[in-house]
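Student: I would like to learn how to read a few features of a protein model. Could we go through them one at a time?

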Amino acid sequence: MALEVTLIDYARDPLTKLYGAYRTCYTPKTPNEVWAEIGAGKITPEQIRGFIQERLKTGHASPLEQVVFWFGISGVSRSLSHQFVRHRIGISFEQQSQRYVKYKEERLDYVTPKSFEKTPGMAEEYEKLMAEVTRVYQLALAKGVPAEDARFVLPNATPTNFQVMVNFAELLHIADLRLCWRAQWEIRHMVALMRRAVVKAVPEIGVYLQPKCGDKRTGYCDEPYQDWERCPMGKQRPHKEQIFALFREYKAGNLVPLTEDDLRRVEDDGQE
Ligand SMILES: Cc1cc2nc3c(=O)[nH]c(=O)nc-3n(C[C@H](O)[C@H](O)[C@H](O)COP(=O)(O)OP(=O)(O)OC[C@H]3O[C@@H](n4cnc5c(N)ncnc54)[C@H](O)[C@@H]3O)c2cc1C
């Protein structure tokens with residue numbers, strides 16, 4: 001069962017919407033006047049992009065709620081969906097029902113983690129369990145147990161589908177958490193595909209979708225130090241403990257400027 005993410009649509013002209021929202025905050029003009037200028041072509045696309053890029057460097061994030069995306073997501077496990085629906089602000093979900101949709105295939109489709117495939121003997125055990133689940137589920141349906149009750153035997157591996165509407169502020173927050181190496185692999189992969197789709201459609205803002213340690217987000221890792229040491233991105237991004245340690249050194253006056261002697265030691269190295 002393959003995980004698929006489709007960017008179904010996004011609210012028309014997101015950059016101009018964002019420009020209008022930010023501009024309304026910083027101008028004595030009314031929104032009507034701002035949009036009249038836009039409509040008359042007095043604001044070039046470069047000006048719109050430039051203005052937005054400057055605002056995106058600040059913490060003024062609420063205008064990002066006015067940019068909206070719709071995604072179709074399929075082939076994800078119920079294990080993922082439990083995690084996904086915990087996001088509760090700025091996102092709306094529609095999810096395939098296990099009451100109205102019965103699994104009629106000979107063998108239930110299911111998501112298999114790679115770790116089961118890689119661990120000797122476990123793929124077979126997994127397959128056996130899924131076959132038994134399928135047997136009991138279908139027997140229950142055949143004997144007249146309603147689908148809403150038969151589903152009680154279905155595992156976290158059962159696939160599900162979503163249509164999701166999410167605003168960009170929340171999408172940034174979801175990326176902060178779920179693109180982090182500490183997030184679970186399946187939801188990390190799904191959010192990675194969402195990120196790639198947005199980058200393709202609206203690169204100007206899509207590039208801001210990063211894990212929270214990204215250079216366009218907080219810039220540092222606030223996860224446990226041991227996890228930072230193991231994370232592939234830990235080589236690129238500092239841990240917050242390192243930043244605090246550096247700040248303490250600085251406040252204590254231990255970060256002294258390089259002296260002429262320091263410079264010479266390097267400059268003259270190999271010349272003696
Ligand atoms: C690596 C990882 C491990 C996790 N492990 C667990 C776990 O073991 N158990 C578990 O139960 N969950 C776990 N979660 C889920 C996590 O606790 C959140 O429920 C989930 O990430 C949704 O994020 P959010 O709360 O920021 O909600 P979102 O809806 O994405 O964010 C909304 C934001 O609005 C604000 N907000 C929303 N509601 C309120 C409120 N009532 N009061 C104040 N502010 C509010 C908060 O700032 C919040 O961040 C885990 C998540 C991650 C990424």
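Tutor: Keep in mind that this model is predicted. We can start with contacts.

Student: Which residues is Gln-95 in contact with, leaving aside its neighbours within four places in sequence?

Tutor: Two residues count as in contact if their C-beta atoms lie within 7 Å. Here Gln-95 is in contact with Ser-81, Thr-160 and Phe-162, once neighbours within four places are set aside. Gln-95 itself sits in strand β3, residues 91-95.

Student: Where is Gln-83, and what does Gln-83 touch?

Tutor: Gln-83 belongs to helix α4, residues 78-84. Not counting residues up to four places away in sequence, Gln-83 touches Gln-184 and Ile-187. Gln-83 is partly exposed, because 17 other C-beta atoms lie within 10 Å.

Student: What does UniProt record at Gln-83 and Gln-95?

Tutor: An unreviewed UniProt entry places the feature "binding site" at several positions, including Gln-83, Gln-95, Arg-151 and Arg-178. The annotated positions span 96 residues in sequence, and their farthest two C-alpha atoms are 29.1 Å apart, so they do not all gather at one spot.

Student: What is the phi of Asp-13?

Tutor: Phi of Asp-13 is near 55°, a positive value in a residue other than glycine. Asp-13 lies in the loop between β1 (4-10) and α1 (14-26). Asp-13 counts as partly exposed because it has 14 C-beta neighbours inside 10 Å.

Terms used. Residues are numbered from 1 along each chain as its sequence is written. This is a predicted model: local features need pLDDT of at least 70, side-chain atom pairs count only at pLDDT 80 or more; totals for chains, interfaces and linings use all residues. Helices (H or I, at least four residues) and strands (E, at least two) are DSSP runs, numbered from the N terminus. A residue is buried if 20 or more other C-beta atoms lie within 10 Å of its own, exposed if 12 or fewer, and partly exposed in between; C-beta atoms are placed from the backbone. UniProt positions are given in the numbering used here, feature names are shortened, and annotations may be inferred rather than shown by experiment.
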